[in-house]
Amino acid sequence: MSTSQLVAQHLPFLRRYARALSGSQSAGDAYVTALLETLIADPGTLDRTIDPRVALYSLLTRLWDSVALNAQVDALPAPLQGERRLSHITPVVRQAFLLVSLEGFSEEEAAGILDIDVPTLRNLVEDAGRELAAEIATDVLIIEDEPFIALDLEGLVEGLGHRVTGIARTHTEAVDLARRKAPGLILADIQLADGSSGLDAVNELIEKTEVPVIFITAYPERFLTGVRPEPAFLIAKPFQPSTVAAVISQALFFERRARPREQRATA
């Protein structure tokens, strides 16, 4: 595939990332234009020994770090709520967060793009969670029947600046806790202690209120079958704390729910 074909394939996503990174459509497009001009002048600038998408984002990152367009702004309609939140995150943390949460790169790929190691990338993503929490701290309900996992999640959530309203071990407890204090986010296991389903509990809760939900399960393959509906946010056990932090930030940042509303009745 030619360089121009590679770029054309990924151009919409490069523009999306550059706009989110710079906070401005014109500044974002200016970075992508600089990338195109660089490739026209010297096609060898694109590293052909690695995944083409990773290579393009790596080149865009080098341009972001070296070209003084960061402060450019333009007259656009009022930014979306997520864009306003993003503007408060420091630049390198913003890069790590967007590469993992918006662009869907693996930790290894995102670390390669930023030319850092994976532990540093994880620290940056956790920093993003803390910086976002300072803007959007919320009440979190944990539905988890394993005490040690529940305590780990509680510590992680509180470390990000959020508040845990309670830990439920069963469907009934989850519904009762949510009635007492409406959560702004739910972390839910799928198989609970009494044989009840965290998925059923969540379905009951989100019939009454709109709230982002993250499912945490040892059996993700049962729910990622390609048959709809599927959970929008799903974390496999055992999990990395940085993964949970990134997904919490993503769920709150984009304010996405467990599933599209029209599909809930068929869950």
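**Exercises on a predicted model**

The axes of helix H2 (residues 25-41) and helix H3 (residues 52-66) come within 10 Å and cross at roughly 110 degrees. Axes are lines fitted to C-alpha atoms, for helices over the stretch in contact, with angles running from 0 to 180 degrees between N-to-C directions. Helices (H or I, at least four residues) and strands (E, at least two) are DSSP runs numbered from the N terminus.

The model is predicted: local features need pLDDT of at least 70 and side-chain atom pairs count only at pLDDT 80 or more, while totals for chains, interfaces and linings use all residues. Residues are numbered from 1 along each chain as its sequence is written, and side-chain values use heavy atoms, with hydrogens and water left out.

**Exercise 1.** Classify the orientation of H2 relative to H3, and describe their contact.

*Solution.* 
1. Angles under 35 degrees count as roughly parallel, over 145 as roughly antiparallel, 65 to 115 as roughly perpendicular and the rest as oblique.
2. H2 is therefore roughly perpendicular to H3.
3. Contact means heavy atoms within 4.5 Å. On the H2 side, Tyr-31, Val-32, Ala-34, Leu-35, Thr-38 and Leu-39 take part, and they meet Leu-56, Leu-59, Leu-60, Leu-63 and Trp-64 of H3.

**Exercise 2.** Determine to what extent the rest of the structure encloses helix H10 (residues 198-206).

*Solution.* 
1. Buried means under 20% relative accessible area, exposed over 50%, and partly exposed in between (1.4 Å probe, protein chains only).
2. The buried residues in H10 are Gly-198, Leu-199, Ala-201, Val-202, Asn-203, Leu-205 and Ile-206.
3. Because seven of its nine residues are buried, H10 is largely enclosed by the rest of the structure.
4. The packing partners of these buried residues are strand S1 (139-143), helix H9 (171-180), strand S3 (185-189) and strand S4 (213-217).

**Exercise 3.** Locate Pro-238 and state the geometry of the peptide bond from Lys-237.

*Solution.* 
1. Pro-238 is found in the loop between strand S5 (234-236) and helix H11 (241-254).
2. The bond from Lys-237 to Pro-238 is cis, with omega near -5 degrees.
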